[in-house]
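This report covers the nonpolar cores, the chain contacts and some backbone features of one model.

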Amino acid sequence: MINDQYYRRRFVISGIAVVVVLVYIIRLFYLQVIDQSTKDQADNNALVKQTIYPSRGLIYDRNGELLVFNQPIYEITMTMRDMGKEWDTTGFCKCLQISRAEFDERIAEIKDRKKNRGYSRWTPQVFMSQLKKEDIATLQEALFLYPGIQIQKRTLRDYTYKAAAHVLGSVGEVNQNDIDRDPYYTRGDYSGRDGLERTYEQQLRGEKGVEVLMRDSRGRMQGSYQNGELDKTAVAGTDLYTTLDIHLQMLAEELLAGKIGSAVAIEPKTGEILALVSNPSWNPKVLVGKERSKNYNALLKDKTKPLMNRATQAMYPPGSTFKTIQALVCLEEGGITPQTLYPCSGPGSSPIKCTHHHGSPVALDKAIEQSCNPYFWCAFRDVLQKDGYGKDNEDFRRRYEIWRNDVMSFGLGQKFTDSDISEQSSGSIPSTKYFDRCYGKTGWKAITIRSLSIGQGEILVTPLQLANQAATIANEGYYISPHLNKNDSMRIHRHNLAIQKKHFETVKDGMHRVMVYGTGRHHAVDSLHMAGKTGTAQNSHGRDHAIFIGFAPVEDPKIAVAVVVENAGFGATWAAPVASMMMEQYLTGTMKRKDLKQRIAGTVLNESVKKW
Amino acid sequence: MRASRNGNILQHVDWVTIGLFLALTIFGWLNIYGASYTFDQTSIFDFSNRAGKQFMWIIGSVVLGGILLLIDYKTYDVLAYVAYGAMVLLLLATPFLAHDIKGSLSWISLGPVSLQPAEFAKCIVALAVAKYMGRYDYKIRTWRDLIVPFALIGVPALIIMVLQKETGSALVFAAFLLVFYRQGMSGYVLWIGVAAVALFIISIRWGGLALPWGTGSVGILTCMLLLTSIEIYFICKEHKMRWQPLILTGSVIMIYAICLLVNIWVSVPFDWVSMGVVVALVIYNIFVSLYWRKYMLLIVAAFTLFCIGYTHACDFVFQKVLQPHQRIRIEVLLGMKEDPAGAGYNVNQARIAVGSGRFFGKGYLNGTQTKLQFVPEQDTDFIFCTVGEEWGFVGSFGVLLVYLLFILRLIEIAERQRNVSTQIYAYAVASIFLFHLTINVGMVLGLLPVIGIPLPFFSYGGSSLWGFTLLLFILLRLDAARMEQLR
């Protein structure tokens with residue numbers, strides 16, 4: 001246009017267009033390139049991750065008997081957002097046979113963000129859990145009437161036998177700690193809390209699967225996302241074959257009824273634990289499902305401490321059973337020979353006295369047979385004093401240290417770290433330092449620690465260690481760390497002792513004599529060629545603990561056993577018969593001594609022991 | 001004769017614009033298919049879904065475009081006023097014929113389809129305005145010359161806003177301000193518009209925020225300081241005296257300094273002080289303008305006084321005049337309220353959809369937010385979300401760029417006209433498209449309040465597509481005839 005005085009305004013108008021588009025491009029750049037939050041928000045909008053729970057691995061005993069399996073349970077979840085105004089609460093309550101008040105209370109709980117931190121109207125919230133099939137049957141049929149309600153299948157543990165609660169352990173809901181430590185878990189997941197369930201959690205739990213679904217703006221599911229590319233199928237847990245012989249386990253549990261105590265049986269050649277019993281115990285079914293926390297708290301309050309696995313955690317003075325180790329160590333360290341004689345009384349043996357009447361002096365085999373206290377005190381003393389005391393007690397202390405190492409090589413005074421038993425105590429074989437602290441370096445002599453010679457005093461062992469000790473003697477010089485997984489990989493944990501085989505033969509012979517002529521003779525089954533050693537441990541908690549270790553048959557041991565009955569008195573009276581019956585059961589497959597079984601099983605030594 | 005003239009038209013038609021038009025329309029159609037795409041989706045040509053229907057509208061639009069090109073260009077000029085009168089009558093009648101769609105009374109049902117007369121009003125108003133302002137004796141000399149043009153756009157705007165309750169469609173007529181500006185309307189009118197928006201936002205957003213010292217609100221004080229600066233600027237501009245800005249600015253600063261000092265002992269009402277300063281400047285301004293006979297300054301003084309009132313009226317307008325849903329949209333935009341489940345839902349979901357597209361987008365028909373219908377109105381007003389989500393930054397950038405080219409091309413066309421009337425019409429077309437683009441995309445990107453107007457060629461809908469086709473192809477017809485018109 002000619003002479004258009006406003007010609008240049010076209011640039012203003014073009015400029016406005018350019019600026020607008022530029023501003024929008026900058027905004028787009030911010031939203032689509034810089035701001036990272038929208039990606040997650042979009043996924044939260046559209047994607048629902050549904051967890052698929054794998055079935056947990058089953059647990060079998062050594063003969064393939066099913067011990068632990070899964071039972072289906074159901075969980076009702078609700079998504080508040082999908083529950084419209086017309087929602088039929090009354091009908092829903094009727095389906096589940098709950099009252100309106102219970103319903104309202106539960107809803108209030110779900111919505112309370114203090115109790116339920118992850119609450120959202122958009123995601124399914126657990127309304128009721130651990131329901132049986134019959135509880136949800138009515139609802140299942142009418143599910144279409146209740147939008148927002150979902151029934152999810154989970155599994156709970158179930159048990160074939162009411163036995164081996166400590167060994168098997170239990171499964172419970174994970175806590176915040178577990179979630180923080182292992183990203184695999186999320187709130188509401190279950191994991192093994194103790195026992196084998198805990199040790200083999202990784203193997204048993206399998207792998208959760210996930211299904212990524214798309215949800216539209218009205219909350220309706222619209223099929224899988226990206227044709228299921230991100231989905232993962234659940235991988236079922238791997239079954240666990242244990243070393244337990246469930247019938248042996250049950251027999252031992254039956255025999256220990258009404259008493260506080262434990263019994264451990266090991267196959268010496270393999271270190272496989274055949275039975276691991278701690279009493280009082282409970283029916284594993286009580287720690288499952290809805291009742292779990294209630295029952296757990298009750299068990300926790302029980303004064304007899306049933307939750308403690310006494311077989312691996314309780315520590316006792318070994319008493320006379322320790323004489324077998326004493327004999328082996330003294331033979332090896334040159335303190336005695338099988339022919340060495342010690343008098344049973346008189347000044348030489350003072351101040352230790354004998355509790356049994358037998359001829360004197362005695363050699364080693366007879367000393368074991370008769371459990372002669374003075375003999376082992378003298379042998380212990382002679383080993384420790386072999387080099388004299390030396391300057392500053394040096395020579396004596398060195399000898400003690402050697403003795404202690406020999407003793408510990410039986411697996412005492414320490415945990416079996418290469419085992420798969422999760423709850424263990426280490427027991428105690430006092431160190432040189434310990435006595436130095438108590439008496440000063442030069443303040444202690446053989447006589448000071450004389451109680452050790454007969455397994456009293458500061459020595460503490462667990463029943464598991466006792467059984468392992470029996471297995472070591474049966475093996476004549478080695479043991480394989482006791483374990484519960486019947487898997488060859490466990491057999492490599494072999495520990496060889498620096499004690500000559502011939503010494504073991506001597507001691508084994510002594511232990512055989514115990515069962516023929518000695519303290520165990522009343523409970524031996526001659527055809528089974530049992531070997532054993534009784535113990536009666538004095539302790540500060542009341543009556544003596546009855547202890548027995550043994551194995552059979554002597555020539556080719558198939559089973560090694562240790563039994564402890566707390567505050568029961570003589571080992572020969574209460575522990576030996578239990579062990580003897582266990583050996584019979586395992587070796588012959590039956591237990592013929594029904595009367596004995598009835599007598600032992602029927603005797604209540606501790607009134608407060610309760611079977612849960 | 002006739003054949004050769006048609007040949008001429010094909011030669012002279014602006015094919016660049018037609019190309020851009022087709023590109024935008026077809027890309028828009030693909031995105032409508034994407035936006036309405038669900039899982040049991042039928043073909044893009046299936047008439048039971050919106051993409052299929054839009055295809056029908058597009059065919060219709062191309063046919064309509066062709067017909068428009070064939071009509072004699074003089075027809076548009078001849079019929080402009082008649083069409084305008086008929087259109088006003090139709091707009092008046094619409095609310096009585098219409099049935100209520102989400103509170104709007106702007107749709108007339110014609111059998112299976114509904115039409116929105118307001119979409120066609122833009123084109124007819126543009127023709128009428130072009131005809132009036134294109135007269136050979138018309139020139140914008142005083143404000144009186146703008147009365148008729150303002151009336152021409154004001155009447156339909158008011159009818160649409162008040163009777164049809166379609167605020168968005170009515171606001172589109174504001175685009176004509178750019179046309180008037182190009183034809184000689186003072187640039188201050190645009191600035192007044194900017195100032196009005198700024199004062200409105202400031203007084204609404206910070207009007208309730210108390211000052212940290214003294215009494216008064218941050219919003220009012222900021223508005224008054226703005227007015228103070230405007231006053232000083234104009235007084236100094238008209239006088240061209242070097243010392244005056246210093247003296248005026250200095251005294252204002254002095255006054256505020258004294259107030260701050262006094263405020264240590266006595267609480268100073270800064271609302272009143274700042275208003276007093278502005279009023280004092282206005283009085284000085286009036287005195288000066290009368291003395292020097294610079295009557296322009298009187299207008300500035302009147303404007304300033306008006307602004308003082310306006311600032312205080314904003315709150316009233318906001319609370320009482322605006323509809324509650326409009327108020328809440330503005331509050332959400334200004335970040336005064338967060339309501340992601342209610343009024344802020346659209347905006348928030350739009351932001352998520354666009355943002356989650358990231359740089360390259362999720363791919364055509366792969367947008368989860370789109371497919372799962374998280375953004376309401378995503379095939380009409382919020383169609384740009386689909387572009388953002390499925391085509392990413394690259395695609396959105398491309399679409400905006402094509403739009404910019406399209407609008408710049410329209411301005412180019414406007415500028416090459418020899419006929420003033422055609423030029424005015426061309427600017428009206430360019431401005432209307434620019435306005436739609438600005439409001440619609442600004443809304444989707446969360447920069448402007450939610451105002452329901454379509455994105456030209458993208459949003460689903462026959463009325464809007466045909467309305468824009470009418471607007472565009474009349475221009476192309478007039479442009480093709482530019483050689484024949486010599487005046």
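## Nonpolar cores

The largest nonpolar core has 124 residues, and those with the most contacts inside it are Ala265(A), Val561(A) and Met582(A). A nonpolar core here is a set of buried Ala, Val, Leu, Ile, Met, Phe, Trp, Tyr and Cys residues joined through C-beta atoms within 7 Å. A residue is buried if 20 or more other C-beta atoms lie within 10 Å of its own, exposed if 12 or fewer, and partly exposed in between, with C-beta atoms placed from the backbone. H20(A) contributes the largest share of this core, 10 residues. At least three residues come from each of domain 1 (49-241) and domain 2 (246-299 + 307-602) of chain A; the domain bounds are taken from an automatic or database domain assignment.

Contact means that the C-beta atoms of two residues, placed from the backbone, lie within 7 Å. A second, separate core of 115 residues includes Ala17(A), Phe382(B), Leu400(B) and Tyr403(B).

## Model and numbering

This is a predicted model, in which local features need pLDDT of at least 70 and side-chain atom pairs count only at pLDDT 80 or more, while totals for chains, interfaces and linings use all residues. Residues are numbered from 1 along each chain as its sequence is written, and chains are lettered from A and ligands numbered from 1 in the order in which they are written.

## Contact between the chains

On the chain B side, 36 residues are in contact with 31 residues of chain A. Helices H8 (176-182), H15 (345-356), H16 (368-371), H17 (383-415) and H18 (420-444) of chain B each supply at least two residues of that side. Helices (H or I, at least four residues) and strands (E, at least two) are DSSP runs, numbered from the N terminus. H17(B) gives the most, with 11 residues.

By type, the chain B side divides into 19 nonpolar, 12 polar and five charged residues. Ala, Val, Leu, Ile, Met, Phe, Trp, Tyr, Cys and Pro count as nonpolar, Asp, Glu, Lys and Arg as charged, and the others, Gly among them, as polar.

## Backbone features of chain A

The peptide bond from Asn279(A) to Pro280(A) is cis, with omega near 0°. Pro280(A) is in the loop between strand E12 (272-279) and helix H11 (292-301). The bond from Ala552(A) to Pro553(A) is also cis, with omega near -15°.

Gln130(A), in strand E4 (residues 125-131), has a positive phi near 55°. Gln130(A) counts as partly exposed because it has 16 C-beta neighbours inside 10 Å.
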